[in-house]
Amino acid sequence: MLLPRLLSTLLLALLLPAHAVAQDYPPPGACSGACYTRDPALIKRPTDGKYFRFTTRDRITIQTATNIRGPWTSVGSVLARRSIINLPGNDVLWAPDIARVGGVYFLFYSVSTLGSKTSAIGYATSSTMDPGTWTDRGAILTSSDSSPYNAIDPNLYHSADGREVHLNWGSYWQGIYTQPLTISGTSARLTPGTSPKNIAYLPEGNHAQEGAFVYQKNGFYWLFMSRGKAGQYGDNPAQFPVDQAYRVLVCRGTTPTGPFVGKLGKSCLDGGGTLVYASQGNIFAPGGQGVWQDDVLGDVLYYHYFNRNIGYNNYDERFGWNQVKWIDGWPVAV
C-alpha cells in the first residue's frame, strides 16, 4: 500500500497550484494599523524608542509605531514636494533606505520610471526623521542608457566606527554595484578617485535581481538581495510560478565589497545565493528587504509581500518581518 499512497501524494503535488505546496518558511510577524509597504526601510529612533518605516509611495511615505507589530500610522512624507532632481518620476519616489551617521539621518531614494535606466539616487537629511524636518539634497548618482547599471535601489552600508561607508545600488541590467561614499555633516558624495564595483549579477534571463542590502554579522558581510519578478503577474497571478516571483537570497563575504558567495560556494557574480525567504501558502513574492538589529528582538529581516487573500495590485503589499537566527553560520528566518 505504501507505493500507491506515495504515487497519489506525488500526483496531488503536481496538480496543486505552486503556491499550495508547503515550504519551510515561517509566517511573517504580526502587523496592525497601516500595514501597506513597498520596499520598506526600517529604523528605531534611540531617543524615544519609536519605529520609523519609510516606503515607496508619493514622496516616500513615513509610518511610525511604538512596537514593530504596530499599530502603524502614516504621518506624512519625507518631501513636501517633488524631488529637486529633474528627471521623470521625481514626484513618486522609490525604494528608500535610511541610516543614522554622525547624529544625522540620511534617507536615500530612487527617481526613475518603470523599465528605464534614466534614473538617479538622491538623498535627504533630518535630525529627527519627523515630517517637515527633511531637507532634499538632490542627486548623488545618475544613470543613463549607456550605463552598465540602473541607479535605483540605494543601500548605505556604514561600519560602527564610521570608517567604512559604501553606497550599494542596482536593478536588472548588469546587476548590483558598490562604491565608497564620503559623508561630512549633512553632505554625502561618492568618494573621489574611486569607481563603481560590480558585486552581484544574475546571468540568465533579463537579470532579475535587485534591492541590495549589506549587513555585518559574525565576522562576515552579508549581501541580501531580491531575485525574481516584483509585480505585474498577468491576468491570473494566482498561477504565477513562485520560483519566478520575488524572493530573498543572501551571499556572504569577508569585506563589505565582496567577493560574495552563496552557501554552496557559488559566486554572487555568477548567480550564486542562498534562499532566506520565499513564497508559501498565502504569502507571495516577499522581497524589497533589509535587516535591522533590534535592541529587543535581535536581528530582524523585514520585507514586503502580497497576501493572496488581499490581492496583487499596487498598494496591496504588506509589511512582513521575522527574527533571524544564525544556524550553521547562515541566516534563517524564524
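Glutamine 179 has a relative accessibility of 6%, so this residue counts as buried, the limit for that label being under 20%. The model described here is a predicted one.

**Glutamine 179**

- Glutamine 179 lies in strand 11, which spans residues 176-184.
- Its side chain comes to 3.1 Å from the backbone oxygen of threonine 194.
- Threonine 194 is also among the residues in contact with glutamine 179 when neighbours within four places in sequence are set aside.
- Other residues on that contact list include Val165, His166, Leu167 and Trp169, as well as Leu190, Thr191, Ser195 and Pro196.

**Strand 15 and its partners**

- Strand 15 covers residues 220-227, and 7 of its 8 residues are buried, which leaves the strand mostly covered.
- Lysine 217 is placed opposite phenylalanine 220 of strand 15.
- A hairpin is formed by strand 14 and strand 15, with 2 residues between them.
- Asparagine 218, in the turn of this hairpin, has a positive phi of about 55°.
- Methionine 225 has leucine 249 of strand 16 as its bridge partner.

**Aromatic pairs**

- Tryptophan 222 and tryptophan 326 make a tilted pair, because their planes meet at 55°, with ring centres 5.0 Å apart.
- This pair too links distant parts of the chain: tryptophan 222 is in strand 15 and tryptophan 326 in strand 20 (residues 318-327), 104 residues apart.
- Tryptophan 222 counts as buried because its relative accessibility is 0%.
- A cluster linked by ring pairs consists of Tyr233, Phe240, Phe284, Phe306 and Tyr312.

**Charges over rings**

- Arginine 252 has its charged end over the ring of phenylalanine 220, 4.0 Å from the ring centre.
- Arginine 53 has its charged end over the ring of phenylalanine 319, at 4.5 Å from the centre.

How values were computed: Residues are numbered from 1 along each chain as its sequence is written. This is a predicted model: local features need pLDDT of at least 70, side-chain atom pairs count only at pLDDT 80 or more; totals for chains, interfaces and linings use all residues. Side-chain values use heavy atoms; hydrogens and water are left out. Helices (H or I, at least four residues) and strands (E, at least two) are DSSP runs, numbered from the N terminus. Buried means under 20% relative accessible area, exposed over 50%, partly exposed in between (1.4 Å probe, protein chains only). A polar contact is a pair of N or O atoms within 3.5 Å; within protein, one must be able to donate a hydrogen and the other to accept it, and residues adjacent in sequence count only if both atoms are side-chain atoms. Contact means heavy atoms within 4.5 Å. Rings of Phe, Tyr and Trp (its six-membered ring) pair if their centres lie within 6.5 Å; planes under 30 degrees apart count as stacked, over 60 as edge-to-face and the rest as tilted. A charge sits over a ring if NZ of Lys or CZ of Arg is within 6 Å of the ring centre and within 35 degrees of the ring normal. Two strands pair if DSSP finds at least two bridges between them.
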